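Hi,

Here is the structure I promised to hand over. My notes on it follow below.

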Amino acid sequence: MFSHTYQDGKLSVFFNQMKILEHTSEHPVLMLQRNQATIDMYRGNYFIEENVEETLGLRLCTINEAYVEGRGVCILHFSSEMYHITCELSEQDGRLIIRFSPLPQPYNRLVLHIWAEEKEHIWGCGEQFSYFDLRGRNYPLWTQEQGVGRNKHTLITQLADKNDRAGGDYHTTFYPQATFVSSRGYFLHANTDGYADFDFSHEHYHRLFFWEVPSSLVLSVKPSLLEVVQDISFLLGRQPLLPNWVYDGIILGVQGGTKVLLDKLALMEAVGTPVIGIWIQDWQGEKYTSFGKRLRWNWQWDKQLYPELDHVIEMLKQRGIGVLGYINPYVLKDYSLFEEAAGKGYLGKDSQGKPYLVDFGEFDAGVVDFTNPEAVRWYKKVIQRELIDLGLRGWMADFGEYLPHDITLYNGRSALLEHNPWPGYWAQLNKQAIVESGKGDELLFFMRSGSAQSLASCPMMWAGDQNVDWSEDDGLPSALCAALSLAMSGAGLHHSDIGGYTTLYGMKRSKELLLRWCEFAVFTPMMRTHEGNRPQENWQFDSDEETRRFFAAMTNLHVQLKPYLQEAVRENAEQGIPVMRPLFLYYPKDPFFTIKDSYLLGRDLLVAPVMEEGVTSRNLTLPPERWVHLFTKESFQGGSCRVNAPLGMPPVFFREDSAFASLFRSINTGTELLP
């Protein structure tokens, strides 16, 4: 399934008749580097700089065919002067496997060039918020805070950098993944835990840079891009079915105590809102900083803030409403869980052998050491005792990307190699805690951070801490880009905070933004609100009667889509087809390769959300089929069109010959409730 040609000093290597490598002495496939890196971490924002001291191109190449353990392999020997690396190519399960020999001393970096076409499109690399098509840019792959603003040319980013070193950039992400998909019809996944940088800015090759030699590279060529995406999750793992209750309403993000919880629920139910969950992230108590309202990270019920919560949970359960909470992988210094974990040696250590304290912004916390099996067992018991036994239906499993690069861990492995997989360990721990409780079909947790290990463990991602604005890099549009990029990385279940989260530097959530974000959330697998870090400065779902009625209409529309959403989630679980799908998975041609402002929900709904302030109509391109507007029932032929998009009526179309066409035609869109 792999072959090679050698002509005029040029070596070309093919897999399934697709060229993947091209080597000449002037442009070698492999290079070695000797680098010194400096790493600085400030509250989850990492600043990594590389000083390249030497680069050596491995210009000579010889080829051997051999059998290893009964398998046919192609062995490429790359060398220059006294240094060499062996590259072994073999086929396994229909995929190309590439393995390298160790780096020769004194080199500590590996650079590989994958052959590329000039007009090739690239997607993936985990969750990317700014750009969907990655061609033309490089992507450092290191899990960290996504940043505030995420565009060095914007005032918000500049203020965040100046005041708190927190501005981020187009590539900063909670969920990097060393996997990319090419429009040529393949994916490449690097099995590596270390820092990497995938550079797609070169005309004729993709430059893959690694701090550690990957244990293997996996390349899969398929007849269609849809099959390529399916094969990623077949390799790395697939998210399970969602609990049945998730589709039956909205999860309201509420804070402030038992009375606030019940009062807000009553307000929303009074206008006919199907509420399926109340998410109280402050169930364990509050902590205020200059950033805004934070949480007390001692994972035990705060009975003063939430009196009789256990009885309220049981009462709401009888009405079909669950209560969800919050937890993360850290324990707050000077509180009981920190003292218990420190006393048992369950926390990561500093250079003095004491618990490593991470600055989270005006408070410090210890890191539960997931490389210590006893610490993992202990933290699972914390989840089971404090969250599950209390009766919570689920929780946000927050953070995971802050593992310090200089922390000492139980297993003795460098934190530089544990940093990127750490969110995957956190996902595995949460999943195991639920499974071991015997409630695997009932409970749901969701995460913002991730790694390749997350695909098999995390049942739902969320987009993290978007600004409460319309900005492309960090506002409402970035939540859609995040969902589509994760879809191309194998993760098919994703949602976002309705209205965004980050409220800083004069940003305040407007009513229009909240309503448009609510519209968008209807056409995602799950609807959930968040008050934001400064709730009093943001427009909320209960801020006026008109907003409450809008949420009631939109949530009822979401509930009516339940049979269709369940089918899309089943396809994700069984076939690895993401729920929110880029158009080109079914229409692989321009202009669909670069569209990131519309998508398919399942196979048959085309969603083109309004993501600009003050806009009441928008242009879009429909694929070459007959489409019916979900709200007006007007029929459209594929091609360019402009459609009206007043609040509550986003451009959403269903395929005329869909198996769900009767459902779509019968849906009550609730327009009589709209402003």
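**Pockets first**

The lining of the largest pocket divides into 15 nonpolar, 10 polar and 11 charged residues. Bear in mind that this is a predicted model. The largest pocket holds about 730 Å³ of space. Its lining has 36 residues, and E145, D164, F291, R294 and Y501 are the closest to the centre. Helix 1 (155-164) and strand 21 (292-295) each supply at least two residues of that lining.

The second largest pocket has about 460 Å³ of space. It is lined by 28 residues, with Y46, I48, P140, H171 and Y195 the closest to its centre. By class, that lining has 9 nonpolar, 11 polar and 8 charged residues. Strand 4, strand 5, strand 12 (138-141) and strand 16 (205-210) each supply at least two of the lining residues. Strand 5 gives the most, with 6 residues.

**Helix 8**

Helix 8 covers residues 422-437, 16 residues in total. From first C-alpha to last it reaches 23 Å, close to the 22 Å expected at 1.5 Å a residue. Which of its residues are buried? They are W422, P423, G424, Y425, W426, A427, L429, N430, A433 and I434.

On the strand side, the partners are strand 22 (322-327), strand 25 (364-367), strand 26 (394-397) and strand 27 (444-446). Helix 6 (373-388) and helix 7 (415-418) are partners as well. Just after helix 8, G438 takes a positive phi of about 80 degrees.

Two cis peptide bonds to note:

- Q105 to P106 is cis, with omega near 10 degrees. P106 lies in the loop between strand 9 (95-100) and strand 10 (109-115).
- D590 to P591 is cis, with omega near 5 degrees. P591 sits in the loop between strand 30 (580-581) and strand 31 (599-601).

Positive phi also turns up in residues other than glycine:

- R43 is not a glycine, yet its phi is positive, at about 50 degrees. R43 is in the loop between strand 4 (30-42) and strand 5 (45-57). Both of those strands also supply residues to the lining of the second largest pocket.
- E362 has a phi near 75 degrees. It is found in the loop between strand 24 (357-359) and strand 25. Strand 25 is one of the elements that the buried residues of helix 8 pack against. Is E362 buried, exposed or partly exposed? It is partly exposed, with a relative accessible area of 48%.

Best wishes

Methods
Residues are numbered from 1 along each chain as its sequence is written. This is a predicted model: local features need pLDDT of at least 70, side-chain atom pairs count only at pLDDT 80 or more; totals for chains, interfaces and linings use all residues. Side-chain values use heavy atoms; hydrogens and water are left out. Helices (H or I, at least four residues) and strands (E, at least two) are DSSP runs, numbered from the N terminus. The expected span of a helix is 1.5 Å times one less than its number of residues. Buried means under 20% relative accessible area, exposed over 50%, partly exposed in between (1.4 Å probe, protein chains only). Contact means heavy atoms within 4.5 Å. On a 1 Å grid over the protein atoms alone, a cavity is a set of points where a 1.4 Å probe fits but cannot get out, and a pocket is an open set with protein on both sides within 12 Å along at least five of seven lines; lining residues have an atom within 4 Å of a point. Grid points are joined across faces, edges and corners, and a volume is the space filled by probe spheres set on the points. Ala, Val, Leu, Ile, Met, Phe, Trp, Tyr, Cys and Pro count as nonpolar, Asp, Glu, Lys and Arg as charged, and the others, Gly among them, as polar.
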